[in-house]
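Subject: Structure handover

Hi,

Here is the structure I promised to pass on to you. Please have a look at it first, and then read on for what I found in it.

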Amino acid sequence: MTNSTYRWVIVAAGGLLGCVAIGAMFSLPVLLRPIARDTGWSVTGVSSAMTLGFLAMAFGSVAWGNLSDRLGPRLIVATGSVMLAASLALASLATSLPEFQLVFGLAVGGATAAIFAPMMACVTGWFDTNRSLAVSLVSAGMGMAPMTMSPLAAWLVSNHDWRTSLQIIAVLVATVMIPAALLVRRPPALEGGNADASAGEDRQSDMSLGQAMRSPQFVILLLTNFFARRIRARSSIPSATL
């Protein structure tokens, strides 16, 4: 596994999947005012979908992570990619605020969780050496989401209405993420049913609360929440392009 070159393909796929998935969630703060203006829904009500999304992402990560251990990361990540594209498309058709909150909040957030936890675990399992570098690269890809997808959403909504913009983002998600998900593979040690690898996973699952809070996954969640709040705050400033 140490000498496998395919592990860097996993890193690239993880960074790309994380960037697009989290970026799709970050499109909401950019679309916030156009949605409120077009529908008459309150800005607070629309923005609460983002809060629901983060909650769904947090709780969904546990469920998707367990499924990934049983069924393999490729199936889970591919399923999450399809669900994310479908959820964005459905959110663009919402006719009421509660419907939008449930679809964009719970469905989009839950689908994003299917990318985050399984990919971080998968990348970690592929590396005996350079593990910190690999996790950092995937984390960097996820961290690029506010700087890539958000400007794209702003450009789209300046040329289209918010529903069309969301539909275009949904098509982009499907076009990019589904092929990338097919590149994901189980770590070789787990494919071969290596007993030592299983024991190592058991030891990792017994980490303390302090270790969990210092883990890269927890740090990424904190940074994601931080940037989401910053973008949401900026989206409240009137803009001529919106």
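This is a predicted model: local features need pLDDT of at least 70, side-chain atom pairs count only at pLDDT 80 or more; totals for chains, interfaces and linings use all residues.

Leaving aside residues up to four places away in sequence, Phe 104 touches Ala 24, Met 25, Ser 27, Leu 28, Ala 49, Leu 88, Ala 91, Gly 109 and Leu 166. Phe 104 also belongs to the largest nonpolar core, which has 65 residues. Together with Leu 84, Leu 88, Phe 100 and Val 173, Phe 104 is among the members that touch the most others in that core.

Where does this core get its residues? Helices H1 (6-25), H2 (27-39), H3 (43-71), H4 (73-91), H5 (97-126), H6, H7 and H8 (162-181) each supply at least two. The most come from H5, which gives 16 residues. As general background, nonpolar side chains in soluble globular proteins tend to be buried together.

H5 deserves a moment of its own. How many of its 30 residues are buried? The count is 23, so H5 is mostly covered. Its length also checks out: with 1.5 Å a residue, 30 residues should span 44 Å, and the end C-alpha atoms of H5 are 43 Å apart, which agrees.

The same check works for H8, where 20 residues should span 28 Å and the end C-alpha atoms lie 27 Å apart, again in agreement. The buried residues of H8 are Trp 162, Ser 165, Leu 166, Ile 169, Ala 170, Val 173, Met 177, Ala 180 and Ala 181. Which helices do they pack against? Their partners are H1, H2, H4, H5 and H7. Two of these residues have come up already: Leu 166 is touched by Phe 104, and Val 173 is one of the core members with the most contacts to other members.

Next, a helix pair. A packed pair is described by the angle between the two axes and the distance between them. For H6 (residues 131-143) and H7 (residues 145-159), the angle is about 30° and the axes are 5 Å apart. Because angles under 35 degrees count as roughly parallel, H6 is roughly parallel to H7. On the H6 side, Gly 141, Met 142 and Gly 143 make the contact, and they meet Ala 145, Pro 146 and Met 147 of H7. By type, the residues of this contact are 4 nonpolar, 2 polar and no charged.

- Asn 130 sits in the loop between H5 and H6. Its phi is near 60°, a positive value in a residue other than glycine. With a relative accessible area of 41%, Asn 130 is partly exposed.
- Val 135 lies in helix H6 and is buried, at 9% relative accessible area.
- Pro 187 is in the loop between H8 and helix H9 (188-191). It counts as buried, at 4% relative accessibility.

Finally, the whole chain. The protein chain has 12 helices and 0 strands. Of its 242 residues, 46% count as buried. Taking contacts between residues at least 6 apart in sequence, 83% join residues at least 24 apart.

Happy exploring, and do write back with any questions!

Best wishes

Terms used. Residues are numbered from 1 along each chain as its sequence is written. Side-chain values use heavy atoms; hydrogens and water are left out. Axes are lines fitted to C-alpha atoms, for helices over the stretch in contact, and angles run from 0 to 180 degrees between N-to-C directions. Helices (H or I, at least four residues) and strands (E, at least two) are DSSP runs, numbered from the N terminus. Angles under 35 degrees count as roughly parallel, over 145 as roughly antiparallel, 65 to 115 as roughly perpendicular and the rest as oblique. Contact means heavy atoms within 4.5 Å. Ala, Val, Leu, Ile, Met, Phe, Trp, Tyr, Cys and Pro count as nonpolar, Asp, Glu, Lys and Arg as charged, and the others, Gly among them, as polar. A nonpolar core is a set of buried Ala, Val, Leu, Ile, Met, Phe, Trp, Tyr and Cys residues joined through side-chain atoms within 4.5 Å. Buried means under 20% relative accessible area, exposed over 50%, partly exposed in between (1.4 Å probe, protein chains only). The expected span of a helix is 1.5 Å times one less than its number of residues.
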